[in-house]
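User: I have a chain open on my screen and would like to go through some of its details. Could we begin with a single residue and then move on to other parts?

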Amino acid sequence: MTTFFKRLRERLTSNTAVGLIGVTLQLALVLYVFRALIFNPGDYLIIDHYDGIKSYFSMESFLRQPLSKGMVVYGHNYPFGEYMYYTDSAPLLIQLVHLLVRLVPALAPYGLYLFDLVTLGGLLLSTFLLHRIFRPWQLPAGLHVLAAVALPWISPQTLRLQVGHMSLAYAPAILVGVWLLQETYLRRTAGLPYRKWLVMFGVSMAAAAYWHFYYLAILGAFAGFFFLVWTVENLHDRKPWVSLLRDFALVFGLAVVATGGSLLLLDGNHALRDAGSGGYDWIEWKLQFRGFIQAPVYNKLRFLLDPTQAVPYESNAYLGAFVLYTLLAMLVLYFVKRLPNIPIRLTVPGRFLLLLLLASVPLVFMALGEKYELDGGAYMLNNYLNPLYWLRKVTERVTQFRALGRYVWPFWWAVNLFLVWLMGQWWTASRTSPAKWLSLALPLLLVPDVVAAARFYKEYTQRPNLLTHEPTRAAMQEFVGWVDTKPYQAILPLPFTYTGSDNQYTLDADEPHLHRTFQLSMITNLPLMSHKAARTPAQQAQQLFSIFRPEGMDPALLARLDERPILVYLDTTYFDGRNNYYRDWLKNHPDLQLMQETFERNDDFIREQQLELLHRNGALSLYAWYPKRQKSVAR
C-alpha cells in the first residue's frame with residue numbers, strides 16, 4: 001500500500017500531471033465565473049461600455065462585410081471607414097473570425113461570441129504558458145499549480161476587461177515572450193542550439209503586434225533590454241557575446257520591419273495620419289507609484305500602506321498581496337538576520353529571472369513618463385532615465401504609444417515570477433527556519449486576491465449584448481420598425497460625435513446616445529457618419545464636421561457621397577435642456593470652441609437643410625436628408 005501511494009504521489013507531482021491539473025482547475029474557474037456568457041452564445045458580451053462597446057461595434061460591422069472589403073470597416077466614419085488596426089479589435093484574431101464566419105455562414109450570428117471565447121481562453125493559455133515557464137524551476141507541485149492558476153487573474157492586463165480593452169487583456173501576448181526568452185537563455189547557457197527559439201520569439205512578437213500594436217513597443221523594449229543585460233553578464237563572465245547580440249538584432253529587426261513595414265503597406269491612410277499622437281505624457285495615462293500598492297476596490301485584503309486616492313486605470317499595477325507581503329517579510333528577515341542566503345546566480349533559472357527583472361526596470365521609467373510631478377505639482381522631476389525621453393528627440397513616432405502606464409506590465413510579471421521561484425528555493429533550501437514556513441504561507445495570499453477578482457468579473461462583466469441580442473435592443477427595434485431604411489446610404493446621428501482625430505475635431509459621445517446609435521446601425525445595417533476610434537486622419541474629421549457649416553459641407557465630402565438620402569437620427573433631449581451632457585462636456589473643454597459652435601448648430605441644420613420628417617416618438621426622430629438634393633427616392 002505504501003508503494004502504491006508513493007507511485008501515485010510521483011505521478012500527481014510529475015510535470016505533465018501538474019500542468020494538466022493547473023489547466024483543468026483554470027478551466028473550471030473560467031467556466032464558473034463566465035458561465036452566463038459561455039453557456040448563452042450570442043446573448044452576452046464581456047463588457048458593454050466605454051472602449052469595449054465601440055470595439056464590439058467595429059468588429060460586428062466588420063464581420064458583416066464581405067471579405068473583398070479587406071481590413072477597412074465601413075460601419076462608422078462614413079464615407080471613409082477606418083482600418084481595423086485602429087479600432088482596438090485584435091486585427092489578427094478578428095480577421096480569422098471573419099474568415100470563419102464567411103466560410104461557415106451558420107456561425108455568422110456568433111462572431112463576437114467566438115471572439116470572447118478566445119479572449120477568455122487567454123486565461124487558460126496563460127496557465128499553460130506559466131506551467132511551461134515553471135517546469136525548469138522544479139517548484140513544489142502545490143506552488144506550481146497555485147501560481148499558474150492565480151497570476152493570470154490578478155495581472156494588470158486582465159484588469160483591462162473592466163474598460164473593454166479585450167486585446168490588451170490578453171496576457172499570453174507577454175507570457176509567450178517570457179517563455180521563449182527563457183528557452184533561448186537555457187539553451188544558449190547549456191551550449192545547445194537556441195536560434196530556433198529566438199526566431200520563435202520574433203514571430204510571437206510580430207503576431208502579438210497584430211493583436212495590439214502596443215505589444216510591439218512593450219515586447220520590443222523588454223527583449224532589447226533583456227539582451228543588453230545578458231550581454232553585460234557575458235562580458236562580466238568573459239563569455240562569447242557577439243554572435244548572441246547579432247542574432248537578436250537580426251531577429252528583432254526582421255520582426256519590427258515585418259510588423260511596422262506591413263502596416264505601412266496595409267494602411268491606405270498612413271500618409272494622412274499624424275506622425276505623433278496627442279495625450280503622450282498625460283498624467284492620466286502614465287504610471288503613478290502608488291499604483292504598485294493600491295489594491296483594486298473589490299479586494300478585501302489590503303496592504304498595510306493603502307492609498308486613499310484612486311489611481312487612473314492606466315496606472316493599475318497592483319503587485320498583489322503575495323508580492324507586497326513577501327517583500328515585507330524579506331525585509332523583516334533581513335533585519336533579524338534570518339533571511340535565507342539563496343545563491344541566485346549559481347542557478348540557471350535564478351540568473352535568468354535576475355536578468356529578466358533587471359531588463360524590466362527601464363520599462364518602469366518609461367511608464368513614469370518624461371516628467372513626474374512631486375508634492376502635488378509643486379515640483380517637476382525630469383525623468384532623464386526614461387529611454388523615451390531621448391528617443392523622442394529622434395522621432396515623434398514614439399508618442400504613438402502614448403498610454404505609457406502599459407510599459408510596466410513586464411515588470412509586474414518579472415517581480416511575481418521571481419518571487420514564485422524564490423519561494424520554491426526557500427522551501428527546498430530551508431529546514432525548520434521561519435523562511436520555510438513563510439514559503440508555504442505567503443503564496444496562499446494569492447487565494448484571496450483571486451477570489452476577489454473572480455467575484456468581480458462574475459458580477460461586473462458579462463453584460464447583455466445590446467448590439468445583436470433582440471430583447472436588449474427591442475426599444476430601438478420598435479422605434480425604427482415601420483420605416484423602410486433600405487434606400488438610405490448612412491446614418492447621421494444628432495448630436496454628432498467624433499473621437500479619434502486627437503485634435504479640435506473631438507466631441508466624446510454620451511454612453512446612452514452612443515449605444516442607441518450603435519443599435520440603430522445594427523438594426524438598419526447602415527453605417528454611421530459619427531466615429532469612435534484612434535489616430536484617425538484629421539482631414540476626415542474636418543470634412544465630416546463641415547456638414548454643419550453655414551456655407552455648406554466640404555465639396556470633397558459631397559463628392560464621396562452617392563445619390564441616396566441619409567437617415568438623420570435626432571435626440572432632442574440634448575438640445576432642449578433635459579440632458580446637458582454635451583454642454584457640460586464642452587464647458588470643461590474651452591479649447592474646443594469649434595465643437596461648441598458645431599454642437600449649437602446641430603439644431604439649425606435640420607431647419608436649414610429642410611429635412612423630411614419620417615418618424616417621431618417622444619424625443620427621438622428620424623429624418624430623410626438629401627445632400628445632393630435628389631428627391632426621387634423610393635419610400
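User: Which residues does Arg616 touch, not counting residues up to four places away in sequence?

Analyst: Arg616 touches Ser621 and Tyr623, with residues up to four places away in sequence left out of the count. Please keep in mind that this is a predicted model.

User: Where is Arg616 placed?

Analyst: Arg616 belongs to strand β11, which covers residues 612-617. A further detail concerns Val480: Arg616 and Val480 are 136 residues apart along the chain, and their C-alpha atoms are separated by 9.7 Å.

User: What is the relative accessible area of Arg616, and how is it classed?

Analyst: The relative accessible area of Arg616 is 49%, so Arg616 is classed as partly exposed. The class "exposed" begins over 50%.

User: How confident is the predictor in the chain as a whole?

Analyst: The mean pLDDT of the chain is 93, and 97% of its residues reach 70 or more. Over residues 630-635, however, the pLDDT is below 50. That stretch has 10 contacts in the model beyond near neighbours in sequence.

User: How should I read places where pLDDT is low?

Analyst: Where pLDDT is low, the predicted coordinates should not be read in detail.

User: Let us turn to helices. At what angle do α6 and α7 cross?

Analyst: Helix α6 (residues 111-134) and helix α7 (residues 141-154) cross at roughly 140°, and their axes come within 9 Å. Because of that angle, α6 is oblique to α7. The crossing of α6 past α7 is right-handed.

User: Which residues meet there, in α6 and in α7?

Analyst: From α6, the residues are Leu123, Ser126, Thr127, Leu130, His131 and Phe134. They meet His144, Ala147, Ala148, Val149, Leu151, Pro152 and Trp153 in α7. By class, this contact of α6 with α7 has 9 nonpolar and 4 polar residues, and no charged ones.

User: What about α10 and α13: how far apart are their axes?

Analyst: The axes of α10 (residues 214-236) and α13 (residues 348-367) are 8 Å apart, and the two helices pack at an angle of about 130°. This makes α10 oblique to α13. In passing α13, α10 makes a right-handed crossing.

User: Which residues form that contact between α10 and α13?

Analyst: In α10 they are Ile218, Ala221, Phe222, Phe225, Phe226, Val229, Trp230 and Glu233. Their partners in α13 include Arg351, Phe352, Leu355, Leu356 and Met366. Sorted by class, the contact of α10 with α13 has 15 nonpolar, 1 polar and 2 charged residues.

User: And α12 with α15: is the crossing left-handed or right-handed?

Analyst: α12 passes α15 in a left-handed crossing. Helix α12 (residues 321-335) and helix α15 (residues 409-429) pack at an angle of about 50°, with axes 10 Å apart. The two helices are therefore oblique to each other. Residues of α12 including Phe322, Val323 and Met330 take part, and among the residues they meet in α15 are Val415, Leu419 and Trp426. The contact of α12 with α15 has 11 nonpolar, 2 polar and no charged residues.

User: Back to single residues. Is His515 buried or exposed?

Analyst: His515 is buried, since its relative accessible area is 16% and the cut-off for buried is under 20%. His515 sits in helix α19 (residues 511-524). Leaving out residues up to four places away in sequence, His515 touches Asp48, His49, Ile53 and Leu466.

User: Finally, what is phi for Asp88 and for Asn525?

Analyst: Phi of Asp88 is near 55°, a positive value in a residue other than glycine. Asp88 lies in the loop between β3 and α5 (91-103) and counts as partly exposed at 25% relative accessibility. For Asn525, also not a glycine, phi is near 60°, a positive value. Asn525 is in the loop between α19 and β9 (531-532), and at 55% relative accessibility Asn525 counts as exposed.

Notes: Residues numbered from 1 in each chain as written. Predicted model: local features only at pLDDT ≥ 70, side-chain atom pairs only at ≥ 80, totals over all residues. Heavy atoms only, no water. Axes fitted to C-alpha atoms, helices over the stretch in contact; angles between N-to-C directions. Helix = DSSP H or I, 4+ residues; strand = E, 2+ residues; numbered from the N terminus. Parallel < 35°, antiparallel > 145°, perpendicular 65-115°, else oblique. Left-handed = near helix turned anticlockwise from the far one by under 90°. Contact = heavy atoms within 4.5 Å. Nonpolar A, V, L, I, M, F, W, Y, C, P; charged D, E, K, R; others polar. Buried < 20%, exposed > 50% of the residue type's maximum accessible area, 1.4 Å probe, protein only. pLDDT = per-residue confidence, 0-100.
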